[in-house]
Amino acid sequence: MKVEQGPRPGEIVFSVCLLAFSGWALWQSYAISGLESLFGPGVFPMLASAVMVLSGLSILGRTLKERRGQSDNPSSVFAYLFPIRLIVFAPMMVAFAAAMPWIGFFPSAALFILASIAFLWRRNLIWTLAITALSVVAIYVIFRLVFQVVLPSGVLWS
Amino acid sequence: MMDALGFLAISFSDPYLLFLTAVGTLAGIYVGAVPGLSVTMAASILISFTFSWGVNEALALIAGVYVGGVYGGSRTAILLNIPGAPSAIATALDGYPLAKKGLAGEAIGLSTVMSVMGGLIGVIALAIAAPAISDLALMFNSRDYLLLGLIGILLVGTLSGESFAKGAFCGALGVLIGMIGLDPMTAQGRFTFGSINLMGGVPYVVAMIGFFGVGEALYQLEHVGKARIKQKVSRIIPSWQDVKKYLKIGLRASGIGTIIGALPGTGGDIAALLAYDDAKRSTKNPEVPFGEGAKEGLIAPEAANNAAVGGAFVPMLTLGIPGDAVTAIIIGALFIHGLQPGPLLLVNTPHLFWFIVGNLALANLFLLIFGLTGIKVFTKIVECPRAILIPLIVILSALGAFAIQNNPIHIYWTLAFGVVGYFLKKYGFQVGPIILGVILGPMMDANYRRAMIGARGDVSDFLLDFVTNPISLVLSIGLVLLLLSQTPVLAWIQQRISGENS
């Protein structure tokens, strides 16, 4: 597990977002059962979100101290968080998940593997097709035949 | 006694059982190694298709996968810095720096030998000390489980992140994710927002696959164009001097692993982290600093997580309480085969107990064989270009998430967790504590409430119990010291003491 080192554009905004989320989580936890009893279903979530609020404050404080005087311009934050490969790959991933119930697991997986390898690897089409076919067959044999995982077959074909 | 030996030898003498254990162990290594595939998932799928088999055959295969899987996570942790399983999180801390220095083969060889040693010690402990260890575990009450959970999460937070606050934040976030769904005590919805899909909760495997599989895949997209770091795997069989040199730390870690494994709910993941921490504290002058490729930091978690396997069977077989997620699934398998795990299992079906002991030992022997061979093939898989690996990780993650409950919604959750994990990683957060929080959160919640009910809702009574019960007191002191170690207070006290002495 690597962590990003060096300057991280947008860190202050991210810390504020985390703190806001923690505050919202604390409020939601309070809404579960309030403070009527100390062994209600909402108490432990409240404790956990309180820890999030406290550590969120500490993270924000530290970030502000470390990055005093530095400002991020929106374009550097965007470039840091959303490199071009992510902008193309993430929607393909979502499209794969969205298409699966309709056209079935294997067709959508094959299309996704083909498209993403073609985009990320940029070798000739024959290689890309061969690797896609090999991967799909391997997944089919291991998971469908050996482990007998029942996968969505697609409502369009039924 | 002779009977016990006879039952013990069943798996060694029956060729079919030998074969199944070998296949299970080999498959387990790969299942454990591939991020996004978990031993828990493999074991649960295996149960569904070994349903019609005999109990010995089913157990041989599942035990093999379990032993191989706990070990397998270490290989990707060493070679890729991606722990294949949570029990290998600590392994990556020093294993990957070793691989970067060109010592990947040595690291794998040493971790294999120490894993097998730990595994065998765990099995011996299961055979000899099962009654004693389960007696100790019986003395633990809900407060102690709560404390153990807290210590576990905070340890991951302090060990793997860049700051304690970030670790604590992630641990708490994980606990919160673990709370989603209907409350098991009152059936009241928590964070369900009226959605039926959320009422069943978030299976932790979904969160784990999302954060570790998809999140890592997205994070690695940046590095697609870069040349892969080719890990040179040369010498695999470790030198006898190295084994002798680190034997003591391996034995110590195996002891920790066995005991932690025997505590219900705490498995190889916590055992590995505690052993890593212990090794860090007890090694006064490591040749290489911890975190930069200290062999002690590689050996301790590896010996401990495999020792925890034997330990995890202790409460499962003697009390009917699973030691970790995989033994929880094995309990299910025993029920399917008409057996009742619990205090009477040893009395009514001693053959089953001794068969499991023998089979776990056999799986460890196979681990030694498969662990020290086939690494060339393994690294070929690992050397596959990221451009191919990343889409495949996403597909396997989607498949794994779906296979848990055949629910397509889990695929979307996995992708969503992956996106959250990506942003967290970008800002220096570690996802390890989140996963531990998701796994331990529900256990901690239940135990907190039991302890509070025991104190009749009186906060002062509740807190007093933490210092009046000897076991709770020891654990509370451990927790306080852990928290203090993250503040300047402890260093200040140490300074004062050393100042007074000098």
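This is a predicted model: local features need pLDDT of at least 70, side-chain atom pairs count only at pLDDT 80 or more; totals for chains, interfaces and linings use all residues.
In which helix of chain A is confidence lowest, and in which is it highest? The lowest mean, 86, belongs to helix α3(A), residues 74-81. Helix α1(A), residues 11-33, has the highest, at 94. Chain A as a whole averages 88, and 95% of its residues score at least 70.

**Stop 1: helix α1(A).** Select residues 11-33 of chain A. Check the length. The 23 residues should span 33 Å at 1.5 Å a residue, and the end C-alpha atoms lie 34 Å apart, so the two agree. Step just past the helix to G34(A), where phi is positive, about 65 degrees.

Now show the buried residues of α1(A): E11(A), F14(A), S15(A), L18(A), S22(A), A25(A), L26(A), S29(A) and I32(A). Their cover includes α2 (43-66) of chain A. Chain B takes part too, with α9 (164-179) and β2 (189-190).

**Stop 2: the contact between the chains.** Chain A puts in 53 residues and chain B 55. On the chain B side, α4 (39-49), α9, α20 (386-405), α21 (409-426) and α22 (432-454) each supply at least two residues. Select α20(B): with eleven residues, this helix gives the most to that side. Colour the chain B side by residue class and you get 37 nonpolar, nine polar and nine charged.

**Stop 3: the largest nonpolar core.** This core holds 198 residues. Helix α5 of chain B, residues 55-80, contributes the largest share, 15 residues. Centre on I62(B), which with A275(B) has the most contacts inside the core. Beyond its neighbours within four places in sequence, I62(B) contacts G24(B), A43(B), L46(B), I330(B) and A333(B).

Note on methods: Residues are numbered from 1 along each chain as its sequence is written. Chains are lettered from A and ligands numbered from 1 in the order in which they are written. A nonpolar core is a set of buried Ala, Val, Leu, Ile, Met, Phe, Trp, Tyr and Cys residues joined through C-beta atoms within 7 Å. A residue is buried if 20 or more other C-beta atoms lie within 10 Å of its own, exposed if 12 or fewer, and partly exposed in between; C-beta atoms are placed from the backbone. Helices (H or I, at least four residues) and strands (E, at least two) are DSSP runs, numbered from the N terminus. Two residues are in contact if their C-beta atoms, placed from the backbone, lie within 7 Å. pLDDT is the predictor's confidence in each residue, from 0 to 100. The expected span of a helix is 1.5 Å times one less than its number of residues. Ala, Val, Leu, Ile, Met, Phe, Trp, Tyr, Cys and Pro count as nonpolar, Asp, Glu, Lys and Arg as charged, and the others, Gly among them, as polar.
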